[in-house]
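Reader: I would like a close look at one part of this model, the contact between the two chains, and at what lies around it. Please keep to what can be checked against the coordinates.

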Amino acid sequence: MYDFEYHRAASADDAKSKFGGADDARYLAGGMTLLPVLKQRLDQPSDLIDLGDLDDLRGISEDSGNIVVKAMTVHHDVNTSDLVKSRIPALAHLAGTIGDPMVRNRGTLGGSLANNDPAASYPSAVLALNAAIHTDRRTIAADDFFEGMFTTALDEGELITGVSFPVPEAAGYMHFPNPASRYPIVGVFVAKTSDGARVAVTGAGACVYRVPEMEEALNADWSPDAVAGIKVSADGLNEDIHASAEYRAHLVTVMAKRALAA
Amino acid sequence: MSSYSIKMTVNGKEVTGEVEGRTLLVQFLREHLGLTGTHVGCDTTQCGACAVHVDGRAMKSCTLLAAHVDGSDVLTIEGLADGDTLHPMQEAFREHHALQCGFCTPGMVMSAIGLVNDNPNMSEKEVRHGLEGNFCRCTGYHNIVEAILAAQETMRG
């Protein structure tokens, strides 16, 4: 790991000011993705701004039909929250599939979204549930947030403060994990929202994406059978030693069916 | 680059040190404090040999900065036994022969205590699932699971 200047932010304002004062800073949340990236020397920030002391960015609450999860809330807390389990059980389930228990004790929702790894789990829930991402300066709709591989709509120095997840009528998540890293090779989140069915796929492509043909079928019939015959294209899907593009395309249908049956 | 003065509680004792921004917690424990019971296996957040508890939660110390946990309460494998009396989890590992080469053992024990603290009534399946972040390259999982199931009975009293 290349060395860097380390700063601990005392508040969100302090974090932004320290970020602005540095050459090429990154925010550090749980570090479960950022630190491995730095160890591999895939990134070389001049400064890290640690958000670990920002306790007002932790917590889960309900606000007019939304479950609001603050950015620094760790996966374990989402997984075990009675509120999330009762209102959006699929979201609690998803949080419990990320990494392993020790990763879930440290990794955060905000960190996962800001990084937007192609195989991160949370982006599928945010996109399928039509969630709103709150930052220090605006609110971004899920459909506008995820722009591409490791790329989001966040501006330089913009800080995610929390996410509002509208409570769906029904939802499910299923993933096929890589046996070593536990990242989804393919993960599918399905949700029956007030705007209709939404299906979001992670792990298969460069960035989380929706599957309109599945959503149309589910608007007519919310059941595993409705998607069972839908084959998605393998064009542009990820291909690596773990799975071919064709295999990933096949898994999208299988995981969608299982998510609906869950 | 700068160096940073850090202070934390490790196994009940207050310790201080000078670290770089990039110094990992596991390096601080092993190289600065000489607490070599915590192992570095994969160094990629996968194998769990480096598991310690930070403020009561099991975490992978190869993926935490020492500066990150400045001011925290850290528990390592060296802090478990009370004099010659092993922690119930250590005793169960000994009793059930839950180690072969022993390299993964400190991480297994720290991770397992974290699991029991969260749920002292785990089924065998839950124990196996809970260990997904700990690798035993001797593949000695069977006795490790037996030990954890036995230890949780002792730990819940």
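Which side chain meets that of Lys39(A) in a salt bridge, and at what N to O distance?

Author: The partner of Lys39(A) is Asp43(B), and their side chains meet at 2.6 Å, N to O. A salt bridge here is a side-chain nitrogen of Lys or Arg within 4 Å of a carboxyl oxygen of Asp or Glu. The model is predicted, so local features need pLDDT of at least 70 and side-chain atom pairs count only at pLDDT 80 or more, while totals for chains, interfaces and linings use all residues. Residues are numbered from 1 along each chain as its sequence is written, chains are lettered from A and ligands numbered from 1 in the order in which they are written, and side-chain values use heavy atoms, with hydrogens and water left out.

The rule finds 4 salt bridges across the interface of chain B and chain A. Contact means heavy atoms within 4.5 Å, and on that basis 32 residues of chain B and 29 residues of chain A take part. The two chains bury about 2,600 Å² between them, with 56% of that on carbon and sulfur atoms. Buried area is the accessible area (1.4 Å probe) that two parts lose on being put together, summed over both.

Chain B is divided into domain 1 (3-78) and domain 2 (88-156), with bounds that come from an automatic or database domain assignment. Taken over C-alpha atoms, the centres of these two domains of chain B are 21 Å apart. Domain 1 of chain B gives 17 residues to their contact and domain 2 of chain B gives 15. These domains bury about 1,200 Å² between them, 61% of it on carbon and sulfur atoms. Of the area that domain 1 of chain B buries against domain 2 of chain B, 38% is supplied by His39(B), His53(B) and Ile77(B), more than by any other three residues.

Across this domain interface the rule finds 1 salt bridge. Arg57(B) and Asp118(B) form a salt bridge, with their closest N and O atoms 2.9 Å apart. The pair links distant parts of the chain, since Arg57(B) is in strand β4 (residues 57-60) and Asp118(B) is in helix α3 of chain B, 61 residues apart. Helices (H or I, at least four residues) and strands (E, at least two) are DSSP runs, numbered from the N terminus. Both partners are partly exposed: Arg57(B) has a relative accessible area of 24%, and Asp118(B) has 42%. Buried means under 20% relative accessible area, exposed over 50%, and partly exposed in between (1.4 Å probe, protein chains only).

The rest of helix α3 of chain B can be read against that. Of its 14 residues, 12 are buried, among them Met108(B), Val109(B), Met110(B), Ile113(B) and Leu115(B). The expected span of a helix is 1.5 Å times one less than its number of residues. For α3 (residues 105-118) of chain B this gives 20 Å, and the end C-alpha atoms are 20 Å apart, which agrees.

Helix α2 (residues 88-95) of chain B holds a local pair. The side chains of Arg94(B) and Glu91(B) meet in a salt bridge at 2.8 Å, N to O. The two are 3 residues apart in the helix, which means they are separated by about one helical turn. In general, an α-helix has 3.6 residues a turn, so residues three or four places apart point the same way. Arg94(B) is exposed at 51% relative accessibility, whereas Glu91(B) is partly exposed at 30%.

Chain A has a salt bridge between Asp53(A) and Arg8(A), at 2.9 Å, N to O. That pair also links distant parts of the chain: Asp53(A) is in the loop between β3 (47-50) and β4 (60-63), and Arg8(A) is in strand β1 (residues 5-8), 45 residues apart. Asp53(A) is partly exposed at 38% relative accessible area, and Arg8(A) is partly exposed at 27%. Over all chains, the count comes to 26 salt bridges.
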